[in-house]
Amino acid sequence: MPVVLDRLETSFDPVREAQIKAKRKAGEKVDQLEPLDVLLATNMISVGVDVKRLGVMAVTGQPKNTAEYIQATSRVGRTFPGIVFTVYNWARPRDLSHYERFEHYHATFYQHVEALSLTPFAPRAIDRGLAALFISLVRLAGREFNGNNQAGRIERNHPYIQSAINTICDRANLVAGTEAQKLVKQALEAKLDIWLSKAQNLIGGGTLKYQTDKRDGLTIELLESAGQGIWQEFTCLNSLRNVEPTVGLIFQDQVPDDDFSRLPQAMKEEGIGNRE
């Protein structure tokens, strides 16, 4: 697969192609990659394939999911304008339906994207997203806490703070019930305590800010970027792809020791006693 991607990234150059052909006719070894003009691919191409050179795609049949259709057809035209041809099968009712509603479907296909299955206000979702939601509601409610250097002005009973807490808790109760509401309430109160503690315990003329704009030794940062470190109370995501850090996998040819016990075992013959 990496070799194929490298060949897809290789652009077509008539002069270079002529030189390669001349070297091959002369019996010389050519190490340069040849560009690919046509590639047959499965739907795996829709995940993580960002080739700037791709400009034309032919899709055989209509994928079952609209999200998959959008992802797959987005592989072309990423740098220059591209075009997608969808080839339908008249004998398939689903393909025929898409053919008859082609223009309207493509004009509104984002509203047909399937919803992802998830558990609202699950404990791990609260750990990952509650801090960003809480601070966003507080900062965007008005000008009092909006500026980067206004994080230290926080007050427990300020209307913006209480409104943000009540809004999130009411939403949790509406979506997931009273147990989720209690869990969210406890998490918000704990985050607020930490926020107030940082704002009230500044030493040596320090300033509490949401993010550090410069390394002056006096700025204390409230928000922390998601990374490889331990997840803190005010770690915030910059992207939904940063929910968990990437994990490196190492493949070995050696069979694990515990796999030998799973091999088929020879059946033991049971002795049959002498019969009189």
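Visitor: Which element gives the largest share of the lining of the largest pocket?
Guide: A pocket is an open set of points on a 1 Å grid over the protein atoms alone, where a 1.4 Å probe fits with protein on both sides within 12 Å along at least five of seven lines; lining residues have an atom within 4 Å of a point. Elements are DSSP runs numbered from the N terminus, helices (H or I) of at least four residues and strands (E) of at least two. With 5 residues, the largest share of the lining comes from S1.

Visitor: At what pLDDT do side-chain atom pairs count?
Guide: Residues are numbered from 1 along each chain as its sequence is written, and side-chain values use heavy atoms, without hydrogens and water. The model is predicted, so totals for chains, interfaces and linings use all residues, local features need pLDDT of at least 70, and side-chain atom pairs count only at pLDDT 80 or more.

Visitor: How many residues line the largest pocket?
Guide: Nearest the centre of the largest pocket lie Ala 41, Ile 45, Met 57, Ala 58 and Val 59, part of a lining of 28 residues. Two or more lining residues come from each of strand S1 (56-60), helix H3 (66-73) and helix H4 (93-100).

Visitor: How many helices and strands does the protein chain have?
Guide: From the N terminus on, the elements run α-α-β-α-β-α-α-α-α-α-β-β-β-β. The secondary structure comes to 8 helices and 6 strands.

Visitor: What percentage of the 276 residues in the protein chain is buried?
Guide: Buried means under 20% relative accessible area, exposed over 50%, and partly exposed in between (1.4 Å probe, protein chains only). Val 184, in helix H8, counts as buried because its relative accessibility is 0%. Over the 276 residues of the chain, the buried share is 25%.

Visitor: How many salt bridges does the rule count?
Guide: A salt bridge needs a side-chain nitrogen of Lys or Arg within 4 Å of a carboxyl oxygen of Asp or Glu. One of them joins Asp 50 and Arg 78. By this rule the count is 8.

Visitor: How many residues apart are Asp 50 and Arg 78, whose side chains meet in a salt bridge?
Guide: The N to O distance between Asp 50 and Arg 78 is 3.1 Å. The pair links distant parts of the chain, with Asp 50 in the loop between helix H2 (14-25) and S1, and Arg 78 in the loop between H3 and strand S2 (83-87). Asp 50 is partly exposed at 46% relative accessibility, and Arg 78 is partly exposed at 39%.

Visitor: Is Lys 191 buried or exposed?
Guide: Lys 191 forms a salt bridge with Glu 233, the closest N and O atoms being 3.0 Å apart. They are 42 residues apart, Glu 233 in the loop between strand S5 (224-225) and strand S6 (235-236), Lys 191 in helix H8. Glu 233 has a relative accessible area of 36% and is therefore partly exposed. At 4%, Lys 191 is buried.

Visitor: Which residues are linked with Lys 185 in a network of salt bridges?
Guide: Lys 185 and Glu 189 form a salt bridge with their closest N and O atoms 3.7 Å apart. They lie 4 residues apart in helix H8 (residues 178-200), so about one helical turn separates them. Lys 185 is partly exposed at 32%, as is Glu 189 at 24%. The network links Lys 185 with Arg 156, Glu 189 and Asp 193.

Visitor: What phi does Phe 121 have?
Guide: Phe 121 is found in the loop between helix H5 (102-107) and helix H6 (123-140). Its relative accessible area is 22%, so Phe 121 is partly exposed. Although Phe 121 is not a glycine, its phi is positive, at about 55 degrees.

Visitor: What distance separates the C-alpha atoms of Gln 111 and Thr 66?
Guide: Gln 111 is also in the loop between H5 and H6. With 58% relative accessibility, Gln 111 counts as exposed. Gln 111 and Thr 66 are 45 residues apart along the chain, and their C-alpha atoms are separated by 9.3 Å.

Visitor: How many Å apart in space are Val 184 and Arg 171?
Guide: Val 184 and Arg 171 are 13 residues apart in sequence. From C-alpha to C-alpha, their distance in space is 9.9 Å.
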